[in-house]
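Subject: Structure handover

Hello,

Here is the structure we talked about. My notes follow below it.

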Protein chains: 2
Amino acid sequence: MKIAVMGAGAVGCYYGAMLARAWHEVTLIGRPTHVEAMNRDGLLLDLGTSQEYVAVTGSTEASSVDGAELILFCVKSTDTEDAGQQIKPFIGKDTIILSLQNGVDNAERLGQVLGQPVIPVVVYVATSMGGAGHVKHHGRGELVIGMSSQSQVVADTLRPARIPVEISENADGALWAKMILNCAYNALSAITQTPYGELVKQDGVWDVMRNAVDECLAVAAACGVTVPGDVWGAIEKIVETMPAQFSSTAQDLARGKPSEIDYLNGYIVRKGREFGIATPTNLALHAITRLRELKGVAG
Amino acid sequence: MKIAVMGAGAVGCYYGAMLARAWHEVTLIGRPTHVEAMNRDGLLLDLGTSQEYVAVTGSTEASSVDGAELILFCVKSTDTEDAGQQIKPFIGKDTIILSLQNGVDNAERLGQVLGQPVIPVVVYVATSMGGAGHVKHHGRGELVIGMSSQSQVVADTLRPARIPVEISENADGALWAKMILNCAYNALSAITQTPYGELVKQDGVWDVMRNAVDECLAVAAACGVTVPGDVWGAIEKIVETMPAQFSSTAQDLARGKPSEIDYLNGYIVRKGREFGIATPTNLALHAITRLRELKGVAG
């Protein structure tokens, strides 16, 4: 199948590489240095136990999505509208579009820009970039995709490429569950530039996270979302499984990159306001993260 | 009068200098470098428009409070018990003891250590140290002292030294009003290392401060304290009068010194718990400030 990945970050490169290695024709759209490396050497897929160069096409142009039957949309939440406008002219009415993004409203926002449905996907994978054209896989990799007439085709395409896929009636709820976890950890880790294991040693931090989560769950309920699973149990588990991990928001701030905080705690604050639900903890975490972001974390 | 100042920081030095210049016999107890400078050159009182060396006695020993009729207790809230134990053996039963400290419970805590009453004093002054033996006055200087049988003597001693003094039936309330202002600004300025004028430009910061203040007022009411004046009006005014100011907590963190945050937002959290009042904003501000303090603000 002809597949395009819009946004060749760590998540986009990992799934692009897995699909290319299953003989799909994959084009990745990203930054120049990265594209050059991929076109020169291939995309280096580093699975820890094995390394492999995978043949892909790199491009800096959004127009390269032209002709793709399946698009994995993997840009940051902050770039959804811009990147959507860029690919819009090159999308057919049968093109299948998946949003593999954090936050809970990207598929909807992208769908509005494109004027056609976008399937929300919850991504459970730990990856990072090891340099230009070099993606590292640290663990997991499964996807939960929303229900649509195209979902079975997507699953049938991804599964043979060793990408575990579940089609879910409640992908939105699963996106919320993931976002709530991010609302608990990301800002605290970013503001203090501290890994999860250290964070929770400070008196009061569990209480702050508990308050943030309770606010999120109240807002989710008001939005009519059923959050699946044991959210708080998952949050407690993170500290055991990833004590040395810094949140993606912490990494963004450390690198001087814009964070997705407006689509995590900031989203809860906006929705809380809409429904008249108090969200003091998310409000404080959001405002402080924005201040730290504007200031630079060294400040 | 024989007067001792326990804790020769900026506040202690300013009032010590004002009293010494009114011909009182003043001993200041502080750190070695500072004490050496004072004993060699006198204490430099820098009023902006004029500079003046004032003759005082410096000492590094708590025992130097021996024989003082009036003690100004000016150590940080974190050091109240320790410093109290140090001066205890040298205090007479008629010694007048004033607590010129931030927070609302220092007079009570010190009184418990000393086994005799301590008069709470609310300090309205902007001072800083300009170096060893050098105190700078930036503005104001008035004191509000609590009611006691000794308060009139205190007022009669301080007023001729050009220290405006008001005796108040509600000094506790005035201490709370000052602390609430600190609860609104100090942590935010410290965590983000940002002056007040910049802080409030960030969306949501006024709301965070409003939430912090509402929690403080609820806790104050539960404690039976009547907070005088227009607290929120005072908070709004700070931004106009001191836009470039960093909070004392911000300065402590920047210098790697322990902050008084446990006696500001941390106090509200503890008292809130005691009375079953939710204090999510103060909880988050306190926990994050402690994390930043442990980590160092450059981290």
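At roughly what angle do the axes of helix α8 and helix α9 of chain A cross? The axes of α8(A) (residues 205-222) and α9(A) (residues 231-241) cross at roughly 145° and come within 11 Å. Axes here are lines fitted to C-alpha atoms, for helices over the stretch in contact, and angles run from 0 to 180 degrees between N-to-C directions. Helices (H or I, at least four residues) and strands (E, at least two) are DSSP runs, numbered from the N terminus. Among the residues of α8(A) that meet α9(A) are A:Trp206 and A:Leu217, and A:Trp232 and A:Val239 are among those on the α9(A) side; contact means heavy atoms within 4.5 Å.

This is a predicted model, in which local features need pLDDT of at least 70, side-chain atom pairs count only at pLDDT 80 or more, and totals for chains, interfaces and linings use all residues. Residues are numbered from 1 along each chain as its sequence is written, chains are lettered from A and ligands numbered from 1 in the order in which they are written, and side-chain values use heavy atoms, with hydrogens and water left out.

Strand β1 of chain A (residues 2-6) has four of its five residues buried, that is, under 20% relative accessible area, with exposed being over 50% and partly exposed in between (1.4 Å probe, protein chains only). β1(A) runs parallel to β2(A) (residues 25-29), joined by five bridges, and also pairs in the parallel sense with β6(A) (residues 70-73) over four bridges. Two strands pair if DSSP finds at least two bridges between them. A:Ala4 has A:Thr27 as its bridge partner in β2(A) and stands opposite A:Ile71 in β6(A).

In chain B, strand β3 (residues 43-46) points B:Leu43 and B:Leu45 one way and B:Leu44 and B:Asp46 the other, and all are buried. In a regular strand, side chains alternate between the two faces of the sheet. β3(B) is joined to β4(B) (residues 51-54) by four bridges, and the two run antiparallel. Their hairpin has four residues between the strands, and B:Gly48 takes a positive phi near 85°. B:Asp46 has B:Gln51 as its bridge partner in β4(B) and stands opposite B:Lys136 in β9(B).

B:Glu69 lies in the loop between β5 (57-59) and β6 (70-73) of chain B. B:Glu69 counts as partly exposed because its relative accessibility is 41%. Not counting residues up to four places away in sequence, B:Glu69 touches B:Met1, B:Lys2, B:Asp94, B:Thr95 and B:Ile96.

Regards
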